[in-house]
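Good morning, colleagues. I would like to take you through one protein chain, from its overall layout to a few individual residues. Please look at the sequence and the structure first.

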Amino acid sequence: MRLLLACVLAMLACADAAHADGALQRTMTPRDQQRLAGFDAARAAALAAARAGGAKDDVAALGAALAGDALGFGDGYDMGGEWRCRVMKLGRAVPLVVHGWFRCVVADDGSGWRLAKTGGSQRMSGRFYTIDDRTLVYLGALHFAAEAPLPYGRDADRDQVAVAVRAGPDRVRKELTAPTIESMVEILELQRVP
């Protein structure tokens, strides 16, 4: 993951490398650039806390979510469709919490893939930006069930930045760095619904 993050940060430094039109660089806030830069340290601390203090079943679920080699998003891979997803919160007051499965949808809106977590009390929506064949960066925002989705950049306390990798033929893992509530790292595990 360290090499992956170094590549992401290097590509962000090049104005046109991460996205052909520079949309990621224009969109990502300086705060989220800093959160992404601190990801390796936060991830290492959160994983250590989760593995040391999490419940046995939750640690096993975390291990399964982290398993698998990163596959490419290229070669015509279509991420669109129905997914089941669950959130894993690592670090802070509780070392590890693995939530149940909810519904997520990924759709191509003509400008790229958009993710919407449509179930549960804490929801999210946002856009994926291609860094390279194996890496996406997600920019989105948290919203609660009774609220309309928020656009990225409107509320810094709700903004989310994450690195996403394809962890199997029908699995994607999105690792959110330094969320503003409840955890040091948040993992959204997605499994395609057949």
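Along the sequence, the chain runs in the pattern α-α-α-α-α-β-β-β-β-β-β-β-β-β. In total, that gives five helices and nine strands. Here, helices are DSSP runs of H or I with at least four residues, strands are runs of E with at least two, and both are numbered from the N terminus.

A word on provenance. This is a predicted model, in which local features need pLDDT of at least 70 and side-chain atom pairs count only at pLDDT 80 or more, while totals for chains, interfaces and linings use all residues. Residues are numbered from 1 along each chain as its sequence is written, and side-chain values use heavy atoms, with hydrogens and water left out.

Let me turn to the chain as a whole. Of its 194 residues, 45% are buried; buried means under 20% relative accessible area, exposed means over 50%, and partly exposed lies in between, with a 1.4 Å probe and protein chains only. The chain exposes about 8,800 Å², and carbon and sulfur atoms supply 56% of that area. These areas come from the Shrake-Rupley method with a 1.4 Å probe, and for residues only the protein chains shown count as cover. As for contacts, meaning heavy atoms within 4.5 Å, residues 24 or more positions apart account for 53% of those with a separation of 6 or more.

How many disulfides does the rule give? The count is one disulfide, where the rule asks for a pair of cysteine sulfur atoms within 2.5 Å. Cys85 is joined to Cys104, with an S to S distance of 2.0 Å. This pair links distant parts of the chain, with Cys85 in strand β1 and Cys104 in strand β3 (residues 102–108), 19 residues apart. The torsion about the S-S bond of Cys85 and Cys104 is about 75°, so the disulfide is right-handed. Cys85 is buried, at a relative accessible area of 0%, and Cys104 is likewise buried, at 0%.

Finally, the backbone. Most residues other than glycine have a negative phi. Asp75, however, has a positive phi, near 55°. Asp75 sits in the loop between α5 (56–66) and β1 (81–90), and it counts as exposed because its relative accessibility is 85%. Arg92 also has a positive phi, near 70°. Arg92 lies in the loop between β1 and β2 (96–98), and it counts as partly exposed because its relative accessibility is 48%.
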